[in-house]
Amino acid sequence: VLIPPLTLQPIVENAFKHGFRNSSSQNWLVEVSAKSDTKGNVLIRIADSGNGLDVNLEENQEKIWGRSLGNIKARLNHFYRFAKIKISANQPSGLVITIHLENLQENALRT
């Protein structure tokens, strides 16, 4: 699956920069996975075991989407008509970023 450059790297980098900052744990975990189905949908999941966000996800959308994640979201929406990116809490700690690309046969990478 073709995805725009610098889509995954900043998310993984943010896990280390923000998620593991000030963490005394030696058990850091970043997991990147991807799967597709027969309908041409692709789900990319990046999960970490870091500190999570220090802000409320619902109340601070502007702050959350203001920089790296906002740029990734804009880039995905530029290249794909049906792209979604979601942030959620990981249990017991950390964040999960999910990228959902729908109907890739009809939603080819636009250049």
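Biologist: How many bridges join β3 to β4, and which way do the two strands run?

Modeller: This is a predicted model, to start with. In it, β3 and β4 run antiparallel and are joined by 7 bridges.

Biologist: Thanks! Which residue in β4 is the bridge partner of I87?

Modeller: That's I97.

Biologist: And what about the hairpin of β3 and β4, how many residues sit between the strands?

Modeller: There are 5 residues between the strands. In that hairpin, G94 takes a positive phi near 105 degrees.

Biologist: How many bridges join β2 to β4?

Modeller: 6 bridges join them, and β2 and β4 run antiparallel.

Biologist: Let's turn to the core. Which residues touch the most other members of the largest nonpolar core?

Modeller: I11, L69, L76, I99 and L101 do, out of the 16 residues in that core. At least two residues of this core come from each of β2 (42–48), α3 (68–79), β3 (83–89) and β4 (95–101).

Biologist: New topic: how many aromatic pairs does the structure hold?

Modeller: It holds 3 aromatic pairs. One of them is F16 with W28, whose ring centres are 6.1 Å apart and whose planes are at 70 degrees.

Biologist: Why is that pair edge-to-face?

Modeller: Because the planes of F16 and W28 are at 70 degrees, and over 60 counts as edge-to-face.

Biologist: Where do F16 and W28 lie?

Modeller: F16 is in helix α1 (residues 9–19), while W28 is in the loop between α1 and β1 (30–36). The pair therefore ties together parts that are 12 residues apart in sequence.

Biologist: Is W28 stacked or edge-to-face with F20?

Modeller: Stacked: the ring centres of F20 and W28 are 4.8 Å apart, with the planes at 5 degrees. Together, F16, F20 and W28 form one aromatic cluster.

Technical notes
Residues numbered from 1 in each chain as written. Predicted model: local features only at pLDDT ≥ 70, side-chain atom pairs only at ≥ 80, totals over all residues. Heavy atoms only, no water. Phe/Tyr/Trp six-rings, centres within 6.5 Å; stacked < 30°, edge-to-face > 60°. Helix = DSSP H or I, 4+ residues; strand = E, 2+ residues; numbered from the N terminus. Core = buried A, V, L, I, M, F, W, Y, C linked by side-chain atoms within 4.5 Å. Buried < 20%, exposed > 50% of the residue type's maximum accessible area, 1.4 Å probe, protein only. Pairing = 2+ DSSP bridges.
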